Amino acid sequence: MRKQYVYLITFSLVFNVGLTKRLIKASIPNSNQQALGNVQGALRLGRTNQDLVPDASSDHPLVLSNLEDQPLCHPDQPASPVKNLKVLPGYEYFVLTNQITGPKKIIMDKANHLLVVSANKGIYSVRMDKCGNANLQQILDADLFDEPFGNGLALYKQYLYMTTSKSMYRFPYSDGQHSPLTSGVKIMSNIYSASSIETPDVAIDMFGYAYIPRTVNELHDRLDPSHATIKRFDFRFIPENGYDFEVDGQVFSVGTNTRGLLGFDAQANLWGISGLLSTSFQRQDMGLDEEQSSSVFAEELNKYNEPAKSYGFPYCLTEHSMASKVAKGLGGQWGHPMFMNSSFSLDDYCQDPSNNIPPAAPLAPNEYASSVHFYTGTFCSMGDLSTAGTSVGLPCNWTNTPVVANHGLEGRQAGHSVVHLPFDDLNHKPRWDKQPEILLEQSEPCLQSPCFSPFGLAHDDYGRLYVSSDETNEVIVFRRTYSEMAAQTLTNMMEQTKDTAENIQPEGKDEKVDKEKDKPVNKEEDQVANKDSKPEHKEEDKVENKDDQDENEKDKEENEKDNPANEEHKEENQDDKEENEEDKEENEEDKEENEKDKEENNEDKEENEEEDKESKQEDKEENEEDKEEDKEDKEENEEDKENEQEDKEENEQEDDEEESEEDDEGEEDDNEEDD
């Protein structure tokens with residue numbers, strides 16, 4: 001089965017790489033760009049759909065293995081890890097920074113820019129090149145708040161959201177921002193009580209819904225599932241005065257007691273980790289004392305995909321490994337002894353999924369898992385230990401599967417590691433029958449602080465995994481070992497496998513032909529041969545005949561196997577032939593349509609020319625008429641001008657006469673006065 005898997009993977013690799021080369025070399029006319037089909041294992045991006053990128057959701061993603069695209073360099077001044085780390089074979093790591101105190105949650109924005117929460121200091125921006133040379137800038141100071149700083153950090157649209165122990169704030173943010181956050185607004189209150197020291201997380205999905213957990217850190221007999229909840233809020237429309245956690249929002253899940261950080265898979269399903277509280281207990285019916293109880297029951301990885309359902313806390317426990325006759329096996333559900341009584345079977349209650357949804361994956365006890373992160377398949381790689389990786393990114397078959405940070409506790413050997421959980425590709429469920437793959441872990445047992453204590457996880461555009469370790473103040477980059485020859489090596493492996501498979505059948509046929517040649521030509525020769533044969537050869541003949549029968553049966557079986565394939569090829573060829581005929585008919589139809597279009601265009605051209613000619617003639621006549629009208633207007637204006645001149649002269653003459661008469665009258669008056 002493994003050989004078949006390798007063969008399929010390598011065959012897909014060669015097919016995709018070869019197809020990519022042909023697409024690059026081919027010059028595709030613009031008229032045919034819309035007719036480009038899908039390429040197996042790839043997505044087309046860009047305005048012209050010419051850009052090919054790996055489709056991480058495909059069974060066999062197209063692999064882009066260009067040397068110049070790989071971030072193979074290291075920081076100019078590499079830092080040594082505080083503790084020696086053991087790394088999964090075929091991978092490597094380096095320390096990005098050790099200058100942030102207590103790094104907790106980390107997220108990567110769309111500009112490949114890392115944001116880090118420090119519980120004591122605030123929020124840091126880490127600007128880096130692809131080699132890992134980092135520049136740190138504190139963009140929010142924890143001292144600005146009168147509440148303990150939380151672990152919550154999320155980006156949605158053009159805002160950054162962060163939490164304190166009781167509240168949530170929103171700040172305007174641009175991808176790649178390396179300057180202080182300003183103009184913050186409080187958008188939620190009462191996440192926890194005033195006396196609480198919890199540090200809540202926040203996770204916002206692609207639809208704008210925010211999920212905020214409320215947990216308890218002390219177990220007592222007055223608890224019920226409503227004390228450990230996850231509530232959902234619509235962050236697309238935040239009220240002017242913000243949300244009140246106590247009264248607003250929707251109760252999404254109960255009985256969760258989520259610890260650490262939440263995560264989303266590719267389908268936007270919410271996942272989280274529920275851990276055991278430190279209280280030890282006894283169950284005599286199970287043969288457990290206080291010391292044994294801490295190593296029998298599992299931590300839980302839960303998929304919160306059933307709203308308003310209970311996930312078991314505080315009533316139910318999940319079995320991990322138990323050396324007892326009453327053991328139910330991995331994932332078995334048990335009642336917590338603190339809440340058991342003689343009038344009610346809590347074990348039966350916990351085993352009913354309508355009362356208690358079991359975990360998606362039981363996690364090993366005492367690991368103190370702190371976060372879950374799903375890899376999206378960005379820049380994913382293929383290969384194995386013999387070939388190394390086709391890129392520095394995580395493996396393609398890790399796409400949409402979880403990586404878990406096991407923080408561990410001081411003085412305990414468990415935890416202090418980062419693991420990958422194997423998943424079933426078809427059902428997208430964890431494989432309980434397989435052990436987690438340990439990616440990074442402290443080489444020596446953690447007996448004294450500081451220890452490698454992973455908390456936050458993220459990945460960048462190169463498919464590299466980022467891990468924050470709060471005790472050692474480190475952010476570590478984990479990547480696959482790259483080989484420029486990996487793609488070619490996988491191709492050669494596939495070709496060798498293919499050649500071997502092709503050579504098996506011809507050799508069988510040659511043997512059959514040789515045996516046919518060795519047979520007597522006719523019955524007489526056959527009789528002579530049989531007569532001359534020695535008795536001791538009869539047994540050999542029987543054996544050979546039996547071998548021939550067996551080979552014939554094998555050939556028959558192979559032919560029967562080949563027949564369906566040949567029939568399929570025959571049907572495919574027939575389909576191709578029919579498609580070619582259809583294409584030919586379509587081309588003929590297109591040709592006829594083009595001829596019709598040409599004739600119509602000629603007719604339109606003639607009509608347009610005739611219309612233009614008539615239009616020019618009409619314009620000419622109109623211009624002549626306009627010219628005559630202008631001439632008439634000019635003559636009328638001349639006449640008006642002459643009339644005006646005559647009127648003016650007449651008026652002047654009348655004025656002169658009136659003045660003369662007035663002068664005469666004045667003289668007469670003067671004479672009369674003199675007399």
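This is a predicted model: local features need pLDDT of at least 70, side-chain atom pairs count only at pLDDT 80 or more; totals for chains, interfaces and linings use all residues.
**Entry 1: disulfides overall**

I searched the whole structure for disulfides and got four. I then counted the bonded cysteines along the chain, and the pairing reads 1-2, 3-4, 5-6, 7-8.

**Entry 2: C316 and C350**

I placed the two ends next: C316 belongs to strand β22 (residues 316-318), while C350 belongs to helix α3 (residues 346-350). The bond therefore ties together parts that lie 34 residues apart in sequence. For accessibility I noted C316 as buried and C350 as buried too.

**Entry 3: C380 and C396**

I find a disulfide between C380 and C396, with S to S at 2.1 Å. The torsion about the S-S bond is about 80 degrees, so I logged this disulfide as right-handed. Where do its two ends lie? I located C380 in the loop between β25 (369-374) and β26 (383-384). C396 is in the loop between β27 (388-389) and β28 (402-406). The pair links distant parts of the chain, 16 residues apart. I have both C380 and C396 down as buried.

**Entry 4: C446 and C451**

I looked up C446 and C451, which form a disulfide with their sulfur atoms 1.7 Å apart. Their link is right-handed, with 85 degrees about the S-S bond. Are these cysteines buried or exposed? C446 has a relative accessible area of 1%, and I counted this residue as buried because the cut-off is under 20%. C451 comes out at 0% relative accessibility, so C451 is buried as well.

**Entry 5: aromatic pairs**

I ran the search for aromatic pairs over the whole structure and got 17. I took Y161 and F235, whose ring centres are 5.1 Å apart with 35 degrees between the planes. I logged this pair as tilted. Y161 sits in strand β10 (residues 159-164). F235 sits in the loop between β15 (229-234) and β16 (243-244). The pair links distant parts of the chain, 74 residues apart. I noted Y161 as buried, and F235 likewise.

I then took Y211 and F252. How are their two rings arranged? Their centres are 5.0 Å apart and their planes stand at 70 degrees, so I call the pair edge-to-face. I placed Y211 in strand β14 (residues 209-214) and F252 in strand β17 (residues 250-254), so this pair ties together parts 41 residues apart in sequence. Y211 is buried, as is F252.

**Entry 6: charges over rings**

Which ring does the charged end of R170 sit over? I find the ring of Y159, with the charged end 4.2 Å from its centre. I also find K231 over the face of F245, at 5.2 Å from the ring centre.

Key: Residues are numbered from 1 along each chain as its sequence is written. Side-chain values use heavy atoms; hydrogens and water are left out. A disulfide is a pair of cysteine sulfur atoms within 2.5 Å. Helices (H or I, at least four residues) and strands (E, at least two) are DSSP runs, numbered from the N terminus. Buried means under 20% relative accessible area, exposed over 50%, partly exposed in between (1.4 Å probe, protein chains only). Rings of Phe, Tyr and Trp (its six-membered ring) pair if their centres lie within 6.5 Å; planes under 30 degrees apart count as stacked, over 60 as edge-to-face and the rest as tilted. A charge sits over a ring if NZ of Lys or CZ of Arg is within 6 Å of the ring centre and within 35 degrees of the ring normal.
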